[in-house]
Amino acid sequence: MGALKTGAGVAFLDRDGTLNVEKGYVDDPADVELIPGAAQAVRNFVDAGYVVFGVSNQSGVARGFYTLEAAIEVNNRVAELLAAEEADVREIFFCPHHPDGVVAEYKVRCECRKPKTGMITAALEKYRLKPEKIIVVGDKVCDVELGKNAGARTALVSTGYGAAEMEVIKRSGGPRPDFFARDVLEASRLLLA
Ligand SMILES: [Mg+2]
Ligand SMILES: [Zn+2]
């Protein structure tokens, strides 16, 4: 096991609606389309010394909409499209569970479904990271809550479900992200400024 890497930072970026275009429950790698600027955003974080991970709730697996393998194939496609633009996402972690699922194996009240922090804990343990700074960017309230639960700085993007989620937050008064950003690229600039 390698030495614990301290210092620097780790960025956790939501997948659907943040890195790639939100299209409902995406289960076909051919449907994956990056949001413009996503690769540049990842490069900005990496250039600033951050290790970048994806974190995605994929309850479609528990709900029986698609298989675990399909979810992994979509993850791989997102990472591949980013890598083609020299944007290094170390790994995309995902939660296949849902307490009301129909697939017995994944019908679980787990510790990894956002806003719970299980995926962040798993990433930091697996890669032996002990960051001074954590960033979470996503398009949903649960992403903002995930960041708050992990002691991270957060940005809510307006892509995907973000515009609607922003209205919910502004009307209900919480949970407020550190930044409301147009997209993940703007989020990277605001969070790294
Ligand atoms: Mg999302
Ligand atoms: Zn889970």
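I started with helix H2, residues 68–83: its 16 residues reach 22 Å from the first C-alpha to the last, close to the 22 Å expected at 1.5 Å a residue. That expected span is 1.5 Å times one less than the number of residues. Helices (H or I, at least four residues) and strands (E, at least two) are DSSP runs, numbered from the N terminus.

Before going further, I noted that this is a predicted model, where local features need pLDDT of at least 70, side-chain atom pairs count only at pLDDT 80 or more, and totals for chains, interfaces and linings use all residues. Residues are numbered from 1 along each chain as its sequence is written, while chains are lettered from A and ligands numbered from 1 in the order in which they are written.

Next I asked which residues of H2 are buried. I found Ala71, Val74, Asn75, Val78, Ala79 and Leu82. For the cut-offs, buried means 20 or more other C-beta atoms within 10 Å of the residue's own, exposed means 12 or fewer, and partly exposed is in between, with C-beta atoms placed from the backbone. Looking down the axis of H2, I see the buried residues fall within an arc of 135°, so they line one face of the helix. The arc is that of the directions from the helix axis to the C-beta atoms. On the face turned away from that buried side I noted the exposed residues Glu69 and Glu80. The buried residues of H2 pack against helix H1 (38–47), strand E3 (50–57) and strand E4 (91–95); contact here means C-beta atoms, placed from the backbone, within 7 Å.

Then I checked H1 against helix H6 (residues 184–192): the axes come within 7 Å and cross at roughly 20°. Axes are lines fitted to C-alpha atoms, for helices over the stretch in contact, and angles run from 0 to 180 degrees between N-to-C directions. H1 and H6 are therefore roughly parallel to each other (under 35 degrees counts as roughly parallel, over 145 as roughly antiparallel, 65 to 115 as roughly perpendicular, the rest as oblique). I listed the contact as Ala38, Gln40, Ala41, Asn44 and Phe45 of H1 with Val184, Leu185, Ala187, Ser188, Arg189 and Leu192 of H6.

Staying with H6, I have Val184, Leu185, Ala187, Ser188 and Leu191 as its buried residues. These fall within an arc of 160° seen down the axis of H6, so they line one face. Their cover includes E2, H1, E6, E7 and strand E8 (179–181).

For helix H4 (residues 141–149) I got Val141, Asp143, Val144, Glu145, Leu146 and Gly147 as buried. Glycine 151 follows H4, with a positive phi near 70°.

Where do the cis peptide bonds sit? One joins lysine 114 and proline 115, with omega about 15°, and proline 115 is in the loop between E4 and H3. Another runs from glycine 174 to proline 175, omega near -20°, with proline 175 in the loop between H5 and E8.

I also looked up positive phi outside glycine. Glutamate 86 has phi near 55°, lies in the loop between H2 and E4, and counts as exposed with 11 C-beta neighbours inside 10 Å. Arginine 128 also has phi near 55°; I placed arginine 128 in the loop between helix H3 (118–126) and strand E5 (129–130), exposed with 12 other C-beta atoms within 10 Å.

Key: Contact = placed C-beta atoms within 7 Å.
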